Amino acid sequence: MFFELHSGGERAVLVQISLDGGMGDPDLGEFIELVRSAGGDPVTVIRGSRKMPQAKYFIGKGKLDEVKAAVEQEQAELVVFNHALSPSQERNLEAFLKCRVIARTGLILDIFAQRARTHEGKLQVELAQLKHISTRLIRGWTHLERQKGGIGLRGPGETQLETDRRLLRHRMSAIEARLDKVRQQRAQNRRARQRAEVPLVSLVGYTNAGKSTLFNRLSESQVYAADQLFATLDPTLARIDVDGLGGLIIADTVGFIADLPHTLVEAFRATLEETLSASLLLHVIDVAADDRDMIKSEVESVLSDIGAGDIPQLIVFNKIDLLEREPKTIRNAAGEIEAVSVSAMQGLGFDQLREAIRERLAGSLFRGVIVLGAEHGKLRSELYAMGAIETECWNDDGANELTISLPDSDWQRLKNQFMPTNHRDG
């Protein structure tokens, strides 16, 4: 990683200011959990209100003195603002408070840096960090605003700061080139799946909604899952079988959050492309969350921003065990399944979830009885592999009678490929 992370466990003073009457204020509980997820120790929260941010320090002089007193009293090493700060505001605050100051974007970047596990994930985080830091390079580097000089350092007049900016640009270009190769590989894999007509189902939702636990239940995988924000950064794909559909690919993706930094959305474009190519989105929602309606709208806003707003969605209300509810399927006025309630932790409601996935992906479903002769063994084998056979019996003449259920498009493809001599609808 290009930037060295702090060791964690720092005592932190948190600052959240209600702006313009409190409309659209970020959630304080989520803010505290973000700081803890980064390894910080929130010791106190300073709250206040302003009509608009103050240009120099973001907060007013009185609130600034209150924050300084809290830093000294709590012996805090860090002040975290649940807002976006300009580079000059961060610099002015650090000079006044005599400690490190970071804003919400820097906090989320730090968490992402800790969570990234794959080479691709680390590249994406580093790119986001570099883009963020490049606008703040002046911080703490003012002593470098001079031309290089001295033995071995005499150059063509470029300042040290300009040199560092140029090196950052070169590093960002190198990372983007490597991520372009990742995108090309993903695109190639997607084309292969599309040629094989394998549907992709992508899990999306707010961070800590339980996507990875749900993924593990569906795919019998062991993806890292924890009750913490941004436990998953790296996309994970697995193949699962659904009766009547056969095989499909399910993708676990990074969780969204309110005010997700634009630099992160850009850097994680390669990951989010798995969402863009999905046939169906499973929008996982923590049903026990107090602000689940706000959370739902935040996720839909991000999906719209990345161009995935028109992809069909199936809502999955997770964590029903926390409310002691039973699994259920919810249909709209047209009779289409629009939501399923489950408990990924306890494995409740997964039969209903698989049936909902099958129904939403099947579209026009063929269900009928076909009679196959001995020459159609390959077709019978293919139908079994797809999980499309419901019942099977053998007639006196040796013919094989099958009751099948599968998407009509798949049935037409199999008929054209294997040319069964006889079938009748059930």
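Two strands count as paired here if DSSP finds at least two bridges between them. In this predicted model, that criterion puts β10 together with β11 (residues 337-341): the two run antiparallel and share four bridges.

Seven strands make up an open sheet with mixed pairing, and reading across gives the order β6-β7-β5-β8-β9-β11-β10. The edges are taken by β6 (236-242) and β10 (328-331); each has a single partner strand, so one side of each has no neighbour in the sheet. On average, and ignoring direction, neighbouring strands of the sheet are turned by 25° against each other.

Helices pack on this sheet too. One of them is α7 (residues 211-219), which touches β5 (200-205), β6, β7 (246-252), β8 (280-286) and β9 (313-318). The direction of α7 makes about 160° with that of β7. Another is α11 (residues 350-362), whose contacts take in β5, β6, β7, β8, β9, β10 and β11. Here the reference strand is β11, and the direction of α11 makes about 165° with it. Edge strand β10, then, has α11 among its contacts.

As for the cysteines, a disulfide is a covalent bond between the sulfur atoms of two cysteines. The structure holds zero of them. Cys99 has a relative accessibility of 12% and so counts as buried, the cut-off being under 20%. Cys393, with a relative accessible area of 34%, is partly exposed.

Methods:
Residues numbered from 1 in each chain as written. Predicted model: local features only at pLDDT ≥ 70, side-chain atom pairs only at ≥ 80, totals over all residues. Heavy atoms only, no water. Axes fitted to C-alpha atoms, helices over the stretch in contact; angles between N-to-C directions. Contact = heavy atoms within 4.5 Å. Disulfide = S-S within 2.5 Å. Buried < 20%, exposed > 50% of the residue type's maximum accessible area, 1.4 Å probe, protein only.
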